[in-house]
Amino acid sequence: MSSNIDIVEYIADQCSGAGVITVRKMFGDYGIYCDGKIFGLICDNRFYVKPTEAGRALLRTVDLQPPYEGAKDYFYIADVDDRDYLSELVKATCRALKK
């Protein structure tokens, strides 16, 4: 199953306070980027963020799940409606990711 583009665009817009957010189609789902750096995935209409200690410190609920079969665990983000929360999480995650 692939993600609905309306949901993908909504999640991207919700993260837009972190920087320039773009998405790229990957194998039927999407990679999500901030200022050119991939920080997460949107798979089956669900939002996943690469795990970092900085991100973990901001999470309301730590829920590690693979976004697709055979993948490493990512933070599953159920609450995509809080724009400020998502923007802070994306900023912290991107600062912690290697360049």
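Author: One begins with a definition: two strands pair if DSSP finds at least two bridges between them. In this predicted model, strand β4 (residues 46–49) and strand β6 (residues 74–77) pair in the antiparallel sense over three bridges.

Reader: Which residue of β6 is the bridge partner of F47?

Author: The partner of F47 in that strand is I77.

Reader: What is the strand order of the open sheet?

Author: Strands of a sheet pair through backbone hydrogen bonds, either parallel or antiparallel. Here six strands form an open sheet in the order β1-β2-β3-β4-β6-β5, and the pairing is antiparallel. Its edge strands, which pair on one side only, are β1 (21–26) and β5 (64–65).

Reader: Which strands does helix α1 touch?

Author: Helix α1 (residues 5–14) packs on the sheet and touches β1, β2 (29–34), β3 (37–43) and β4. The direction of α1 makes about 15 degrees with that of β2. Helix α3 (residues 83–96) also packs on the sheet, in contact with β1, β2, β3, β4 and β6; its direction makes about 130 degrees with that of β3.

Reader: Which residues have the most contacts inside the largest nonpolar core?

Author: A nonpolar core joins buried residues through side-chain atoms within 4.5 Å. The largest one here has 23 residues, and C15, I21, I32, F39, F47, I77 and V90 have the most contacts inside it. At least two residues of this core come from each of α1, β2, β3, β4, β6 and α3, with α3 supplying the largest share, five residues. Another core, of five residues, lies apart from it and includes L41, C43, Y74 and Y76.

Methods. Residues numbered from 1 in each chain as written. Predicted model: local features only at pLDDT ≥ 70, side-chain atom pairs only at ≥ 80, totals over all residues. Heavy atoms only, no water. Helix = DSSP H or I, 4+ residues; strand = E, 2+ residues; numbered from the N terminus. Contact = heavy atoms within 4.5 Å. Axes fitted to C-alpha atoms, helices over the stretch in contact; angles between N-to-C directions. Buried < 20%, exposed > 50% of the residue type's maximum accessible area, 1.4 Å probe, protein only.
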